[in-house]
Amino acid sequence: MALWDIGFRNIVDVDGQLLAMDADLIDPATLLAKANRPADGQLWLVRAGEGLLLQARQMIRLNQDEVLFFETAEVRQAWEPARLAA
């Protein structure tokens, strides 16, 4: 049985953890809670290696044709010095 057969339409990645979502719109706090992260933490949308900080009330539109990648502030801070050294 495929994920879309049981109601999940969207896949996202939060800190390397794949999550199936049935919603088309989600806010950062809800996404963080589903990923078992503190709901008041910072969330970054990552595209082509660049991070975009999401605002607390900013709605995120999920797309069935694309996996969105997110990082929390803790993970982002851990790899920033390594990126600068390269």
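What share of the 86 residues in the protein chain is buried? Buried residues make up 29% of them, where buried means under 20% relative accessible area, exposed over 50% and partly exposed in between, with a 1.4 Å probe and protein chains only. This is a predicted model, in which local features need pLDDT of at least 70 and side-chain atom pairs count only at pLDDT 80 or more, while totals for chains, interfaces and linings use all residues. Residues are numbered from 1 along each chain as its sequence is written, and side-chain values use heavy atoms, with hydrogens and water left out.

**View 1. The elements of the protein chain.** The protein chain has two helices and seven strands, taken as DSSP runs (helices H or I, at least four residues; strands E, at least two) and numbered from the N terminus. Starting at the N terminus, their order is β-β-β-α-β-β-β-β-α.

View 2. Five strands form an open sheet in the order 2-1-7-4-5, with mixed pairing; two strands pair if DSSP finds at least two bridges between them. Strand 2 (17–21) and strand 5 (50–54) are the edge strands, each pairing on one side only. From one strand to the next, the twist averages 35°, with axes as lines fitted to C-alpha atoms (for helices over the stretch in contact) and angles from 0 to 180 degrees between N-to-C directions.

**View 3. The hairpin of strands 1 and 2.** Strand 1 (residues 10–14) pairs with strand 2 in the antiparallel sense over five bridges. Val-14 has Gln-17 in strand 2 as its bridge partner. Two residues lie between the strands of this hairpin, and Asp-15 in the turn has a positive phi of about 55°.

**View 4. Strands 4 and 5.** Five bridges join strand 4 (residues 43–47) to strand 5 in the antiparallel sense. Opposite Leu-45 stands Leu-52 in strand 5.

**View 5. The largest nonpolar core.** This core has 15 residues, of which Val-12, Leu-31, Ile-60 and Phe-70 touch the most other members. A nonpolar core is a set of buried Ala, Val, Leu, Ile, Met, Phe, Trp, Tyr and Cys residues joined through side-chain atoms within 4.5 Å. At least two of the core residues come from each of strand 1, strand 2, helix 1 (28–34), strand 4 and strand 7 (68–72).

**View 6. The surroundings of Phe-70.** Not counting residues up to four places away in sequence, Phe-70 touches several residues, including Val-12, Leu-31, Trp-44, Leu-54 and Ile-60. Contact means heavy atoms within 4.5 Å.
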